[in-house]
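Dear colleague,

Please read the notes with the structure open beside them.

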Amino acid sequence: MGCAQGYFSSANADSCSVCGVGTRSSSDHTACLACEAGYECGDPTAGPKKCADGFYSLNGTNTHCTLCPRGHFCVSSSGVPEYCPAGYYSAFGATNCTACP
C-alpha cells in the first residue's frame, strides 16, 4: 500500500496510519522512525524540517529545535551545545563565541 509522507502501513494492512508527533515515516512507509538529529518533526505529514543556525536537536522524538543556550555555541544543529572557552561569551542562539572586552 502506498502511504503519504508521515503515514505508515504494516504488512497486509489495508489502510495507512499517521506517525506520532516527533517522528517521521520510513522511506518505504512501513514504520515510524525517530526524528534525525538536527531536524524537528512537529508535524509528521510535513516531513522533517532542518534546524536553523543557532538551534539544535538530538536524535529522538524531536517536536521542535532548541535555542542554543547563553554561554554556549552550536557549531552543528545535530550536536550538543559546547561551552564557550574561558575569556569568551555568547548570547542565546550563538554559532560562535566572542572574546570578552
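In what follows, a residue is called buried under 20% relative accessible area, exposed over 50%, and partly exposed in between, with a 1.4 Å probe and protein chains only. The model is a predicted one, in which local features need pLDDT of at least 70 and side-chain atom pairs count only at pLDDT 80 or more, while totals for chains, interfaces and linings use all residues. Residues are numbered from 1 along each chain as its sequence is written, and side-chain values use heavy atoms, with hydrogens and water left out.

To begin with the cysteines, the structure holds 6 disulfides, a disulfide being a pair of cysteine sulfur atoms within 2.5 Å.

In the link between Cys51 and Cys65 the sulfur atoms lie 2.0 Å apart, and with -85° about the S-S bond it is left-handed. Cys51 sits in the loop between strand S6 (49-50) and S7, and Cys65 in the loop between S7 and strand S8 (66-67), so the pair ties together parts that are 14 residues apart in sequence. Strands here are DSSP runs of E with at least two residues, numbered from the N terminus. Both Cys51 and Cys65 are buried.

Cys68 and Cys74 form a further disulfide, with 2.2 Å between their sulfur atoms, and its 95° about the S-S bond makes it right-handed; both of these cysteines are buried.

Cys100 calls for a separate remark, because its sulfur is 8.7 Å from the closest cysteine sulfur, in Cys84, which is too far for a bond. Cys100 is partly exposed, with a relative accessible area of 41%.

Turning to the surface, Phe55, Leu67 and Phe92 form a nonpolar patch with about 270 Å² of accessible area together. Patches are made of residues with over 30% relative accessible area and no salt bridge, nonpolar side chains (Val, Leu, Ile, Met, Phe, Trp, Tyr) being joined within 5 Å and like charges within 9 Å; a salt bridge is a side-chain nitrogen of Lys or Arg within 4 Å of a carboxyl oxygen of Asp or Glu. Accessible areas come from the Shrake-Rupley method with a 1.4 Å probe, and for residues only the protein chains shown count as cover.

With kind regards

Methods
Helix = DSSP H or I, 4+ residues; strand = E, 2+ residues; numbered from the N terminus.
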